[in-house]
Amino acid sequence: MGRDTVLGGRYELIERLGQGGMGTVHRGVDQRLRRTVAVKLLSPALAHDPQSRARFRREAHAAAALNHPAVATIHDVGEEPDPDGPRPYLVMEYVQGTTLAEALRDGPLPVAEAINAACAVLDALGHSHERGIVHRDIKPSNIMLAGPDSVKVLDFGIAKAFTEAATRITGSGAAIGTPAYLSPEQINGAEVDHRADLYAMGCLLYELLTGRPPFRGASPFAVMHQHLSAEPEPVSQLRPQIPPAVEAVIQRALRKDPEERFADAGQMRAALADALAQAAMPTVQAAAPVSPAPLRDGRTPLRERFRTSLRPSAQGALAVLGCLLSWLCARGELVETDHFGHVAVAAAVLGVVTLPWSARLSCAVGWGPVAEAVAVNSELRRANDGWDHSYVGIAALLGLTAVCCLVGAARSRERGGGSLVAFWFSATASVWYFLDDLHKLFVFYLLLSLVAGAALVWEAVGLARRRADAGRAVAEGRPSTWHRLVAGARPR
Ligand SMILES: Nc1ncnc2c1ncn2[C@@H]1O[C@H](COP(=O)(O)OP(=O)(O)OP(=O)(O)O)[C@@H](O)[C@H]1O
Ligand SMILES: [Mg+2]
């Protein structure tokens, strides 16, 4: 099927997106509605008898009735004549993003992120199960991260339609594609209900958190055998930071007997959200510094995190300027003491190092020596002019300004850097005017360490707050800070 192929006189195939166990997926254009769609062309071998094709149509029609933000909508179903026999195809919503299988190539996901994704999939499954539709093929390649707060589950209805055909073709029991997510009852060919999807969710969560599925083996049969009789290695052994409550959810989902699993998707979702909230985030913090989810274009979370923090901003530019000036102050002869040059260089370097993490912290450190140099030189004027009582008033005013700037800096991570620069100028000038000949440099060093320490505490408290926010968001099913981070919005 080439670029010029038009299916059903309507769906033009533009580009091949990928190939799976059941056929190929293309990006296409619905010429009638002029919208982009994804077209899954099934292998003729899967549907060579009319019964299979009829079952496929039936399942596709049932799945087309699903209407949920986390389900990739099915638009149409049809058949294309082919020398090897009619090829059924499915037209569905085109999802721009990356599959969880692709995201996993960069390693396991941060804990909160994995749980958020699993909760979204469970929402979709809850919706489909209520309508009597079991997915039967939940696995990372059938789930797409479509954006900051959007997960889409693909291929509803397909596995059921072709289970029998795949069995016949592959002769490998009920397995279609990889057996890593098959429940014991699917392998046994026993009655399958929605709890098979919950078992697959246990496998999925296991893999999202550890980077590998619960069972691995040299052959599909070895893996299937383990699904039937082996216990998976506890996730905490592979990644100790995983909260015990999350591990308990996975263990329950992976019970061999469906009766012992969660009763439904809603129950499993609630247990997951509770587990995350119970962990009160410290464990999650250790496991996963707040970071964006892997984006649909396949960038790694780490690279993306750096990309986000290094995005140009006014505060970042201010911080860089501060570090540069600090460096220049160290080299100049503005403050003639032995230590100042070293402290200014250290502040410049520290400012650059901390910039990717927090521009505010970088401003706090980088601008200190600059303000100090300015203040020292402003004092010269007073030294020339002599002492005047009006200086007390000026110093008090400058001190008040410094306090206001400090409060402003503490309140806003976004604009705090600018406030800190203003703080430094007003505070050092105030101290210099007021203290006259006392140990002014000592006071400055003290102030520098206090302000840097305070900025460090603000960052840590802000981080803890954002993580708590992510936990609450999971519990309430709304987008959290990490979602906003992925979206490129800056944390407050
Ligand atoms: N609706 C869609 N929108 C955008 N891309 C899609 C869509 N459906 C599938 N794809 C892309 O096509 C690739 C192949 O999908 P396909 O379902 O054929 O393979 P699979 O999930 O690996 O195997 P299986 O056939 O067992 O489902 C996916 O990995 C995904 O990148
Ligand atoms: Mg698929």
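**Reading the labels in a predicted model**

User: Why does Asn 142 count as buried?
Analyst: Buried means under 20% relative accessible area, exposed over 50%, and partly exposed in between (1.4 Å probe, protein chains only). Asn 142 has 4% relative accessibility, so it counts as buried. This is a predicted model, in which local features need pLDDT of at least 70, side-chain atom pairs count only at pLDDT 80 or more, and totals for chains, interfaces and linings use all residues. Residues are numbered from 1 along each chain as its sequence is written, chains are lettered from A and ligands numbered from 1 in the order in which they are written, and side-chain values use heavy atoms, with hydrogens and water left out.

User: How do you know whether Asp 155 is buried or exposed?
Analyst: The relative accessibility of Asp 155 is 9%, so Asp 155 counts as buried.

User: And what about Asp 84, buried or exposed?
Analyst: Asp 84 has a relative accessible area of 61%, so it is exposed. Asp 84 is found in the loop between strand S5 (74-80) and S6. Its C-alpha lies 6.4 Å from that of Pro 44, although the two are 40 residues apart in sequence.

User: What makes a residue a donor of the magnesium ion (ligand 2), and which residues are they?
Analyst: Donors are N, O and S atoms within 2.8 Å of the metal (3.2 Å for Na, K and Ca); water is not among the atoms, so sites may look incomplete. The protein donors here are Asn 142, through OD1, and Asp 155, through OD, lying 2.0 Å from the ion. Asn 142 sits in the loop between helix H3 (111-130) and strand S8 (143-147), and Asp 155 in the loop between strand S9 (150-153) and helix H4 (158-170), so the pair ties together parts that are 13 residues apart in sequence. The helices (H or I, at least four residues) and strands (E, at least two) are DSSP runs, numbered from the N terminus.

User: Which residues come nearest to ligand 1?
Analyst: A residue is near a molecule or strand if one of its heavy atoms lies within 4 Å of it. There are 22 residues around ligand 1, and Lys 40, Val 95, Lys 139, Asn 142 and Asp 155 come nearest.

User: What lies 2.6 Å from an oxygen atom of ligand 1?
Analyst: A polar side-chain atom of Lys 40 does. A polar contact is a pair of N or O atoms within 3.5 Å; within protein, one must be able to donate a hydrogen and the other to accept it, and residues adjacent in sequence count only if both atoms are side-chain atoms. Polar backbone atoms also take part: one of Glu 93 is 2.9 Å from a nitrogen atom of ligand 1, and one of Val 95 is 2.9 Å from a nitrogen atom of the ligand. On its own, ligand 1 has 610 Å² of accessible area, of which the protein covers 91%. Such areas come from the Shrake-Rupley method with a 1.4 Å probe; for residues, only the protein chains shown count as cover.

User: How do the residues of the shell around ligand 1 divide?
Analyst: Nine are nonpolar, eight polar and five charged. Here Ala, Val, Leu, Ile, Met, Phe, Trp, Tyr, Cys and Pro count as nonpolar, Asp, Glu, Lys and Arg as charged, and the others, Gly among them, as polar. Strand S2 (11-19), strand S3 (23-30), strand S4 (35-42) and strand S6 (87-93) each give the shell at least two residues. S2 supplies the largest share, three residues.

User: How do you know that S3 and S4 pair, and how many bridges join them?
Analyst: Two strands pair if DSSP finds at least two bridges between them. Eight bridges join S3 to S4, so these antiparallel strands pass the test. In S4, Val 37 is the bridge partner of Gly 28. S2 and S3 are joined by seven bridges and run antiparallel, and five bridges join S4 to S6, also antiparallel.

User: Why is one side of strand S7 (98-99) left without a neighbour in the sheet?
Analyst: The open sheet of three strands has the order S7-S8-S9, with antiparallel pairing. S7 and S9 stand at the edges with a single partner strand each, so one side of each has no neighbour in the sheet. S8 and S9 are joined by four bridges.

User: What makes helix H15 (residues 359-366) largely enclosed?
Analyst: Eight of its eight residues are buried, so the rest of the structure largely encloses H15. Among them are Leu 361, Cys 363 and Val 365. Ser 358 caps the N-terminal end of H15, with a side-chain oxygen 3.3 Å from the backbone nitrogen of Arg 360.
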